[in-house]
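This briefing goes through selected local features of one protein model. Please keep the sequence and the structure at hand while reading.

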Amino acid sequence: FSNAQEIIPLLGCLVSIKSLSLEEDELIEYIIDWFKDNQIEPEVLDGNIFITFGNQKGNRHLLFNAHMDVVPAVDWKNFHHPKHTNPYAPFIFDKRMYGRGAADTKAGLAAMMILAKNLYTKKGIINKLNGTVTFLFSRAEEAKTRFSGVRKVLESGKIPKPTAAVIAEPSNLEVLIGSGGLLNFSVTGFREELKYLHKFKL
């Protein structure tokens with residue numbers, strides 16, 4: 001469906017746009033314009049971009065998801081190539097692209113954008129789908145807030161409930177089936193009670 005000559009320039013553009021959590025407006029605008037330039041009109045809900053193809057009468061729905069935001073580039077020089085001093089300037093060395101968010105998850109974002117474009121142009125494939133495919137590019141995934149772009153779109157009812165999903169999180173190019181969850185909770189009590197907390201099991 002694609003090749004390096006197409007995906008590398010796109011990835012470079014995505015990396016060059018600073019998109020911290022809840023500060024993704026410039027990247028959101030870029031992605032929307034990119035799809036429109038390719039004759040695709042995406043839907044947008046609170047900055048979350050999504051496109052659905054396929055047969056709405058089918059009972060299967062495959063979701064492709066990548067988040068648009070990145071974490072701040074703290075101590076960048078200590079963790080990356082010494083010649084690469086600007087985290088928002090794409091830098092290629094030894095067949096690797098360096099830049100904030102290049103792996104998490106702008107490479108996956110670029111790949112899914114191109115896949116969505118190519119699926120749209122392959123009308124024969126779309127017509128044969130027994131169900132639907134949605135590409136969802138979400139915001140604020142990295143944020144330590146209650147905001148969830150994926151949840152907001154799913155709860156809106158604007159896309160079918162997924163029966164399966166492909167998530168573009170970095171995994172050393174390994175396919176991982178499922179993922180560990182995260183549980184946040186707080187405990188309130190008297191000091192005398194808290195000393196026995198280690199005896200409790202979840």
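Thr-105 lies in helix α4. The model is a predicted one, and the points below are grouped by topic.

- Most peptide bonds are trans.
- His-67 is found in strand β3, which covers residues 61–67.
- The relative accessible area of His-67 is 2%, and this residue is therefore buried, the cut-off being under 20%.
- The side chain of His-67 makes a polar contact of 3.0 Å with the side chain of Asp-104.
- A polar contact with the side chain of Glu-169, also from the His-67 side chain, is 3.0 Å.

**Helix α1**

- Helix α1 runs over residues 4–16 and has 13 residues.
- From the first C-alpha to the last, α1 reaches 18 Å, close to the 18 Å expected at 1.5 Å a residue.
- The buried residues in α1 are Leu-10, Leu-11, Gly-12, Leu-14 and Val-15.
- An α-helix has 3.6 residues a turn, so residues three or four places apart point the same way.
- The cover over the buried residues of α1 includes α2 (25–37), β5 (96–98) and α4 (102–121).

- Leu-22 has phi near 65°, a positive value in a residue other than glycine.
- Leu-22 lies in the loop between α1 and α2.
- With a relative accessible area of 40%, Leu-22 is partly exposed, because that value falls between the limits of 20% and 50%.
- Ala-140 has phi near 60°, again a positive value in a residue other than glycine.
- The loop that holds Ala-140 is the one between β6 (132–138) and α6 (149–156).
- Is Ala-140 buried or exposed? At 2% relative accessibility, Ala-140 counts as buried.

**Aromatic pairs**

- How many aromatic pairs does a search of the whole structure find? The search finds six.
- One of them joins Trp-34 and Phe-35. This pair is edge-to-face, with 5.0 Å centre to centre and 85° between the planes.
- Trp-34 is buried, and Phe-35 is buried as well.
- Phe-53 and Tyr-120 form a tilted pair, at 5.9 Å centre to centre and 40° between the planes.
- That pair links distant parts of the chain, with Phe-53 in strand β2 (residues 48–54) and Tyr-120 in helix α4, 67 residues apart.
- Phe-53 counts as buried because its relative accessibility is 8%, which is under 20%.
- Tyr-120, at 25% relative accessibility, counts as partly exposed.
- Ring pairs link Phe-53 and Tyr-120 with Phe-64 and Phe-135 into a cluster.

Definitions and conventions: Residues are numbered from 1 along each chain as its sequence is written. This is a predicted model: local features need pLDDT of at least 70, side-chain atom pairs count only at pLDDT 80 or more; totals for chains, interfaces and linings use all residues. Side-chain values use heavy atoms; hydrogens and water are left out. Helices (H or I, at least four residues) and strands (E, at least two) are DSSP runs, numbered from the N terminus. Buried means under 20% relative accessible area, exposed over 50%, partly exposed in between (1.4 Å probe, protein chains only). A polar contact is a pair of N or O atoms within 3.5 Å; within protein, one must be able to donate a hydrogen and the other to accept it, and residues adjacent in sequence count only if both atoms are side-chain atoms. The expected span of a helix is 1.5 Å times one less than its number of residues. Contact means heavy atoms within 4.5 Å. Rings of Phe, Tyr and Trp (its six-membered ring) pair if their centres lie within 6.5 Å; planes under 30 degrees apart count as stacked, over 60 as edge-to-face and the rest as tilted.
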